[in-house]
Amino acid sequence: MNALREKWTVSKVILYLVIAVITFMIFYPFWYCIAYSLSGSQEVMTKNVTFLPISFTIENYLRVFKQNHLASSFLISVLRTVGGIIATLIVTGLAAYAMSKPKLPGRRFISFVLIIPMYITGGLIPSYVLMYHLHLVNNFWVFILPNMFWAFNMLLMRTYFEGIPVSLLESAKLDGASEIKILFRIILPLSMPIIAVIAMYSGVWQWNAWFDSMLYITSPELKPLQAILQEMIKASSTSMMQMAQGGGHAAASQGSTEAVRMATLIFTTLPIVCIYPFFQKHFAQGIMLGAVKA
């Protein structure tokens, strides 16, 4: 008995150690960015940042807040995230609700057609030409309209809808409820976990997206926060090239550029990190239930 108890204790210790190592590996890169962003710009050139900031300062964050178009970029990121979530839930949710109906004519064929874009795309040039002719270049709606429907999200929601007991829907129909009333009074209240999952997927993608702004946006007033971060990464790479070629001034400014880049990274990542815990309960439940049959 004592031997089994001792073996179980050792197993638990090993398990906790493994969990602690994995947690540290996940958490440390984020903490490193925080420590680097709170370090002096010149001091990081001579000393390596490990766990604590070197010459603690908030100067890098002040420089971030002084960047041109930062307020408008933050507003664009918030608007595209909120608007993208709402548009995705409406379009993808309605499509998933329709596809969950077994009696829908051509259901299999429609599902096949909707899934094709998951594996085959038209390419960058046709996409740009399409956006140009739709007058979406340098237009805020280029962030929303092309991303309202995702086949993968539709499959998750459709599978979740199919798992709702048919008896509830039949009872509602016997009471005279229409399809719209069934959708809003029964389906949606019971589908909050999968709705939270899709909202989280769409929100994280919209907040972190920068490639579409690089392709379709040239106006600084319409660029999101991630586009600013990408421009800072390019500026940092340019400084490194100049430093490698022997530019003395570049060597002095490299630390400043890198520290400001880290501050911008924390500034753009923090909102998602703060919001995620509120979705975590529904997220874990919804992704498990929605992915069982998909």
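Buried here means under 20% relative accessible area, exposed over 50%, and partly exposed in between (1.4 Å probe, protein chains only). The model is predicted, so local features need pLDDT of at least 70 and side-chain atom pairs count only at pLDDT 80 or more, while totals for chains, interfaces and linings use all residues. Residues are numbered from 1 along each chain as its sequence is written, and side-chain values use heavy atoms, leaving out hydrogens and water.

**View 1. Helix α6, residues 151-162.** Helices are DSSP runs (H or I, at least four residues), numbered from the N terminus. With 10 of its 12 residues buried, α6 is largely enclosed by the rest of the structure. Among the buried ones are Met154, Leu155, Leu156, Tyr160 and Phe161.

**View 2. Where α3 crosses α6.** Their axes (lines fitted to C-alpha atoms over the stretch in contact, with angles from 0 to 180 degrees between N-to-C directions) come within 8 Å and cross at roughly 50°. That makes α3 oblique to α6; angles under 35 degrees count as roughly parallel, over 145 as roughly antiparallel, 65 to 115 as roughly perpendicular and the rest as oblique.

**View 3. Residues that meet between α3 and α6.** Contact means heavy atoms within 4.5 Å. On the α3 side, look for Thr88, Thr92, Gly93, Ala95, Ala96, Tyr97 and Met99; their partners in α6 are Asn153, Met154, Met157, Arg158, Phe161 and Glu162.

**View 4. Leucine 75, in helix α3 (residues 70-99).** Leucine 75 is partly exposed, at 48% relative accessible area.

Technical notes:
Helices (H or I, at least four residues) and strands (E, at least two) are DSSP runs, numbered from the N terminus. The expected span of a helix is 1.5 Å times one less than its number of residues.
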